[in-house]
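Me: I've got a protein open here and I'm new to this. Can you walk me through it?
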Amino acid sequence: MIEVLAKLGRGPVFLAGEVLECVITFTNPLSASSTSASSEMLAWASAQIHCQFHASENRVALPPSDGSKHDVQAENETVFVPNRGERGQCILSTPPKILFCDLRLDPGESKSYSYCETLPVDGPPSFRGQSVKYVYKLTIGCQRVNSPIKLLRVPFRVLVLHGLKDYQFPQDEAVAPSNPFLEEEESLKKDSRLADLATELLMVATSRRSLHLYNISNTRGKVGTFCIFKTVYKIGEDVIGTFNFSEGDIPCLQFSVSLQTEESIQEEFQRRRGQPVSFTVHARHQESCLHTAQSSFSLPIPLSSTPGFTTNIVSLKWRLHFEFVTSGESTGTCLVRGSQSEAVTWTGVEQMEVDTFSWDLPIKVLPTNPILASYVSQFSSTNSITI
């Protein structure tokens with residue numbers, strides 16, 4: 001029996017273009033209850049990253065793919081196919097890397113191997129929507145002699161920040177002599193600079209503030225104004241806005257604000273022409289506001305949510321969805337006097353004519369620092385199997 005343990009040292013969330021590093025440990029455990037311990041042998045072990053795409057057959061019409069050769073290999077249990085047995089299509093994969101050949105472990109012995117790979121910058125982000133899913137995994141395959149291959153899958157999350165792949169790092173060390181023994185150190189140095197650059201770009205994009213004022217009105221007149229100071233956010237931030245109903249001609253009885261994502265399939269891949277888009281609500285605020293001069297809301301953008309993106313099949317956009325309930329009467333206090341005695345009781349009317357209308361405000365949501373997103377990730381940094 002051999003235990004295989006894979007650990008992502010920095011956490012299970014990465015930016016596209018970063019280097020994923022995973023330490024894989026193979027152990028021949030020494031059991032106290034075992035009377036006859038023996039050495040264990042593994043023929044080989046290999047690792048590879050792949051992105052699996054799955055689409056809902058009711059919403060997405062994909063062209064037929066010729067995967068006959070791949071299917072024949074997948075059925076062969078002596079061939080390393082990282083996505084064997086998984087649903088959907090493998091749309092992206094890195095070259096496989098061999099960790100070792102002919103490993104012998106004595107009882108109680110362990111050996112560790114470090115796997116490093118740069119995540120492709122041209123892939124989609126991790127996403128689990130109503131119509132499509134993009135799932136990234138690191139798969140470690142190992143095999144005993146004359147035995148089927150065993151697979152250990154390590155799921156992780158990828159965030160995509162557009163613009164990183166087009167950035168050219170300054171060549172400060174171009175005049176220095178190259179050292180082939182420092183390639184790994186230089187790779188880690190560049191990876192650190194990439195993370196710093198991403199943080200800087202996100203800070204610049206999301207820290208710009210300017211007053212955005214919107215008049216809220218329906219066919220009968222002005223209801224109020226809405227104020228927001230920015231429309232570009234990172235996941236994990238709060239969307240804050242304020243209302244001013246004091247200048248309105250139409251009394252507003254109630255309002256609600258929903259933070260939503262809009263998942264739409266590109267027209268050529270729609271199962272039915274003109275099919276509706278899918279909406280997901282991430283946060284919602286509702287308030288009764290009759291006789292309220294000013295009000296505000298704060299909606300958190302979940303760290304686990306996916307920033308906006310577009311691929312050839314699907315696009316994801318963010319928006320604020322507003323719904324207003326207004327009085328059908330242009331003026332009035334919407335109160336009635338309960339009695340004519342000295343003790344006066346004012347109560348709300350039992351029935352009232354109302355109007356409703358809605359409004360959508362697009363916003364832009366970007367990724368955040370992957371280390372911060374790792375704290376709320378559903379994936380574990382450590383995965384293991386026993387073979």
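Me: Let's start with Cys51. How far is its sulfur from the closest cysteine sulfur?
Reply: The sulfur of Cys51 is 7.6 Å from the closest cysteine sulfur, the one in Cys90. That is too far for a bond. Keep in mind that this is a predicted model.

Me: Is Cys51 buried or exposed?
Reply: Cys51 counts as buried, at 0% relative accessibility.

Me: How many disulfides does the structure hold, then?
Reply: Zero disulfides. As a reminder, a disulfide is a covalent bond between the sulfur atoms of two cysteines. The sulfurs of Cys51 and Cys90 cannot form one because they are 7.6 Å apart, and the cut-off is 2.5 Å.

Me: Buried or exposed?
Reply: His50 is buried, with a relative accessible area of 1%. The cut-off for buried is under 20%, so His50 qualifies.

Me: What else does His50 touch?
Reply: Leaving out residues up to four places away in sequence, the list includes Pro82, Asn83, Glu86, Cys90, Tyr136 and Lys137.

Me: Glu86 and Lys137 carry charges, I think. How do their side chains meet?
Reply: They meet in a salt bridge, 2.3 Å from N to O. The pair links distant parts of the chain, 51 residues apart. Glu86 is in the loop between helix 1 and strand 5, and Lys137 is in strand 9.

Me: How many salt bridges does the structure hold?
Reply: Eleven. Glu267 and Arg273 form one of them, at 3.0 Å from N to O. Both of those residues are exposed. Salt bridges that share partners also join Glu86, Lys137 and Arg153 into one network.

Me: What about Lys230? Which residue forms a salt bridge with it?
Reply: Glu237 does, and the closest N and O atoms are 3.2 Å apart. Lys230 counts as buried, at 8% relative accessibility.

Me: Switching topic. What holds the most contacts in the largest nonpolar core?
Reply: That core has 81 residues. Those with the most contacts inside it are Leu20, Phe26, Val132, Leu138, Phe156, Phe243 and Leu320. The largest share of this core, seven residues, comes from strand 4.

Me: Take Leu20. What does it touch?
Reply: Among its contacts are Leu8, Phe14, Ile49, Tyr115, Leu138 and Phe156, again not counting residues up to four places away in sequence.

Me: Now the rings. How many aromatic pairs are there?
Reply: A search of the whole structure finds 25. Trp44 and Phe80 form an edge-to-face pair, 6.1 Å centre to centre, with 65° between the planes. Trp44 is in strand 4, and Phe80 is in the loop between helix 1 and strand 5. They are 36 residues apart. Both are buried.

Me: How do Phe297 and Phe322 pair up?
Reply: Edge-to-face, at 6.4 Å centre to centre and 75° between the planes. Phe297 is in strand 17 and Phe322 in strand 19, 25 residues apart. Both of these are buried as well.

Me: Which aromatic cluster are Phe297 and Phe322 in?
Reply: They belong to one that also includes Tyr214, Phe226, Phe243, Phe245, Phe255 and Trp359.

Me: Last topic, backbone angles. What's phi for Asp102?
Reply: Near 55°, a positive value in a residue other than glycine. Most residues other than glycine have a negative phi. Asp102 lies in strand 6. Asp102 is exposed, with a relative accessible area of 58%.

Me: And where is His291, and what's its phi?
Reply: His291 is in the loop between strand 16 and strand 17. Phi of His291 is near 65°, positive again. His291 counts as exposed, at 58% relative accessibility.

Notes. Residues are numbered from 1 along each chain as its sequence is written. This is a predicted model: local features need pLDDT of at least 70, side-chain atom pairs count only at pLDDT 80 or more; totals for chains, interfaces and linings use all residues. Side-chain values use heavy atoms; hydrogens and water are left out. A nonpolar core is a set of buried Ala, Val, Leu, Ile, Met, Phe, Trp, Tyr and Cys residues joined through side-chain atoms within 4.5 Å. Buried means under 20% relative accessible area, exposed over 50%, partly exposed in between (1.4 Å probe, protein chains only). Helices (H or I, at least four residues) and strands (E, at least two) are DSSP runs, numbered from the N terminus. Contact means heavy atoms within 4.5 Å. A salt bridge is a side-chain nitrogen of Lys or Arg within 4 Å of a carboxyl oxygen of Asp or Glu. Rings of Phe, Tyr and Trp (its six-membered ring) pair if their centres lie within 6.5 Å; planes under 30 degrees apart count as stacked, over 60 as edge-to-face and the rest as tilted.
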